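Have the sequence and the 3D view ready as you read.

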Amino acid sequence: MTYAAWCSSVNTKFFALTNSYDDNTITSEYASGRKVVTLKNTRFPKTIKCSLSLNVKNGEYDAFWTWFTDVLGGLAGAFTCTALGSKFYRFKSVPSESEGLLNRKIEMEIEEIY
């Protein structure tokens with residue numbers, strides 16, 4: 001697997017962190033009303049929703065989007081980030097941003113893959 005490290009010129013001061021685990025079960029319901037629940041596999045993938053404030057003036061904002069599009073390859077790329085943990089991560093959706101002259105808030109949803 002090819003992966004990239006988090007961009008060194010972008011801060012890792014994540015805020016509004018929300019961790020949740022994805023459903024990893026298969027439920028079968030029979031006509032008699034009996035339900036059987038089994039695990040798909042032994043992993044319980046974690047989803048992280050977080051925000052990041054990026055400075056526009058010092059180039060941090062542009063560095064993030066350059067890293068996301070050119071180095072990471074968008075949603076297809078995997079990355080590591082020590083601020084999130086020691087696992088490998090991937091963006092679940094394209095990060096959204098809020099407008100601002102000096103700082104822009106990036107909201108992202110990241111999934112743990114390995």
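**Charged partners and a surface patch**

Start with Glu97 and Arg104, whose side chains meet in a salt bridge with 3.7 Å from N to O. A salt bridge here is a side-chain nitrogen of Lys or Arg within 4 Å of a carboxyl oxygen of Asp or Glu. Before we go on, a word on the source: this is a predicted model, in which local features need pLDDT of at least 70 and side-chain atom pairs count only at pLDDT 80 or more, while totals for chains, interfaces and linings use all residues. Residues are numbered from 1 along each chain as its sequence is written, and side-chain values use heavy atoms, leaving out hydrogens and water.

Are these two partners buried or exposed, or something in between? Buried means under 20% relative accessible area, exposed means over 50%, and partly exposed is in between (1.4 Å probe, protein chains only). Arg104 has 17% relative accessibility, so Arg104 counts as buried. Glu97, at 33%, counts as partly exposed. Glu99 joins in as well: Glu97, Glu99 and Arg104 are linked in a network of salt bridges.

How many salt bridges does the structure hold? There are four. Among them is the pair Glu107 and Lys105, with the closest N and O atoms 3.3 Å apart. Both partners are partly exposed, Glu107 with a relative accessible area of 39% and Lys105 with 33%.

Another salt bridge joins Asp22 and Lys92, where the closest N and O atoms are 3.9 Å apart. Asp22 lies in the loop between strand 2 (15-21) and strand 3 (25-29), and Lys92 in the loop between strand 7 (88-91) and strand 8 (96-97), so this pair ties together parts that are 70 residues apart in sequence. Strands (E, at least two residues) are DSSP runs, numbered from the N terminus. Asp22 is partly exposed at 23% relative accessibility, and so is Lys92 at 36%.

Now look at strand 2, where Tyr21 lies. Tyr21 is exposed, with a relative accessible area of 57%. Together with Leu39 and Phe44, Tyr21 makes a nonpolar surface patch of about 350 Å². Such a patch is made of residues with over 30% relative accessible area and no salt bridge, with nonpolar side chains (Val, Leu, Ile, Met, Phe, Trp, Tyr) joined within 5 Å. Accessible areas come from the Shrake-Rupley method with a 1.4 Å probe.

Strand 2 also holds Ala16, which is exposed at 52% relative accessibility. The phi of Ala16 is near 55°, a positive value in a residue other than glycine.

Definitions and conventions
Helices (H or I, at least four residues) and strands (E, at least two) are DSSP runs, numbered from the N terminus. Patches are made of residues with over 30% relative accessible area and no salt bridge: like charges are joined within 9 Å, nonpolar side chains (Val, Leu, Ile, Met, Phe, Trp, Tyr) within 5 Å.
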